[in-house]
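Here is a short note on the pockets of this model. Please read it with the structure open.

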Amino acid sequence: MGHLVRSALIVLVVLAGVAFDPLHPVPSLPFALVLGLQLLHCLTPWRNRWTLAAQVLLLPWAGPGAAGMVAASALLITRGAVRWILFATVTVVAALLAPATPFEIALAMLNAGAQGLVLFGVTRLGDTRAAVQATRAELAARSVEAERARAAGDLETAVGAALSTIIALAGRGGTVRIAEVSRSAAATARAVPLTSARPVPEPDLPPRLAVPIFVAVHVGFVVTGLIYLAGRPAPSLLLAVILGLHLVHGLPRQAGSPPRRVPWAAVALLPATAAALLYPGQPYPHVAGFAAAAFLIAGRAWWPVVAMVLLATPGVLAVRGYAAAENVFWTFNTIAVAVMFAGLAAQTALVLDARDARQALAAIAAANERRRISRDVHDLLGYGLSAITVKAELADRLASEAAREQLDDIAGIARQSLASLRAIPADPDLRLSLTAELESARSLLEAAGIRTDVRRTSGRDDALLAIVVREAVTNVLRHSTATHCLIQITPDGLVIANDGARAARGSGSGTANLTARVTAAGGTLNIGGDLGEYRLSVLYPAVLDRDADSVEPVSCV
């Protein structure tokens, strides 16, 4: 909300610089009506061709000072070639309403065109920033979908083909080859989801006209200044230097590009502006606003310099004998130029900041999804591939009939793993059956020659505990020389203990994944043991108010 208020304040300040005339502080009724409609066009979505038509009809009575607002409305409300034809028409009308001297005609057209472009720019940038904010979640969702699609394709290529090969080998009895393929697939599966997808493409969010508007307004000032200077070389060169420095300094910067707002460009404007104000014979105060704008763009630390420029301009003009009314006119002109150009730069910066924030949010969402997929691949596929390896090695040592039974189990596990593989990217809430996992764990451990004791004093069928059982059993198979394993499910959670522990506790990503899952659910996971015993326990949310020691002690027999 703070940024939206800031955007609206920028538009209001720029509009005040466009609409306020210090020599005629009380506007005429037609001018006030045009201004009121402009407030609707710039600050609300209530803009349509009827309100634009009302402004156009009021313009001859409102005077040339209202032409900039009508020009901005033409750009905001109409589309395509019509907008530019109407914009050009309004600037011509402004010239017709002005006194008939070349400079005053050029000045009227410049003011109408420049004010219209700047008002259009700051309003559209404000609209764009609001749209960026509103679609932050949309880009994050699209990034997550892209991550899922990429992971699904990679997993299907890397692991799906391997599982299909295992199913085929199980039918032919290729136990040695099955073990090789399953080990390779397990290593590949752990790596695939960790690679990052390309960022989701999105359109360039700041309006494409932001830079052309900025350049066009500078060119307009140059042309009008040259007309005013009647081709005098030294002042013309000074004007070109000032506007060139400001253009380099103030151009909107795209994210990731080198900063354009380098201090030297703003600082170089100070002596150039001083030369314009102190120029022999006649000062040129209409360029002082560019120096003020440059330091407004540079940041709050430079605001004292802005104040110095704004105070120095009327002071120098008073010393040089300018009448009070003329002094007021040029001082306000300085302020208006500073406000217009700083406002356009500020709105562009706000949009770029919002875009960066939206892209960062999308990147975080994609990274979280990537971690989620990686964790599920480890927890859900790692078990199946380990089981396949164990059963393939066992089948290689058994007689033909017993080996055939193990091969049938391998084919079943491979089919189940293939289904899990295709569900992982699409379903973050993939649920497992604790009952099925306990039966599978008993079968797998006993097939590996590990005596297994499953005790269950709770009827809860919990997917999280099923995942813990799956990962713990995988660790028993990979990292121990166990001869006995106890799995106990209680109302408090679970305990899994085995003998023959040989691996460093907490190694690899499996334990970290389990800790993250259990902690996210509000539980606690503890790992301990000594003298070759390995113990994993989980306390679940329903009993977190109890002491951890309330879990029934379990030991390996």
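1. Start with helix H6, which gives the most to the lining of the largest pocket: nine residues. Helices here are DSSP runs (H or I, at least four residues), numbered from the N terminus.

2. The model is predicted: local features need pLDDT of at least 70, side-chain atom pairs count only at pLDDT 80 or more, and totals for chains, interfaces and linings use all residues. Residues are numbered from 1 along each chain as its sequence is written, and side-chain values use heavy atoms, with hydrogens and water left out.

3. The largest pocket has a volume of about 1100 Å³. Its lining has 41 residues, with Asp21, Gly65, Asn111, Gln115 and Phe329 closest to the centre. Helices H1 (2-19), H2 (29-43), H6 (102-134), H9 (210-229) and H14 (324-397) each give two or more residues to this lining.

4. On terms: a pocket is an open set of points on a 1 Å grid over the protein atoms alone, where a 1.4 Å probe fits, with protein on both sides within 12 Å along at least five of seven lines; lining residues have an atom within 4 Å of a point. A volume is the space filled by probe spheres set on the points.

5. What classes make up the lining of the largest pocket? It divides into 28 nonpolar, eleven polar and two charged residues. Gly counts as polar; Asp, Glu, Lys and Arg count as charged.

6. The second largest pocket has a volume of about 600 Å³. Of its 20 lining residues, Arg6, Leu296, Trp303, Ala342 and Ala346 lie nearest the centre. H1, H12 (288-298) and H14 each give two or more residues to this lining. H14 has the largest share, eight residues.
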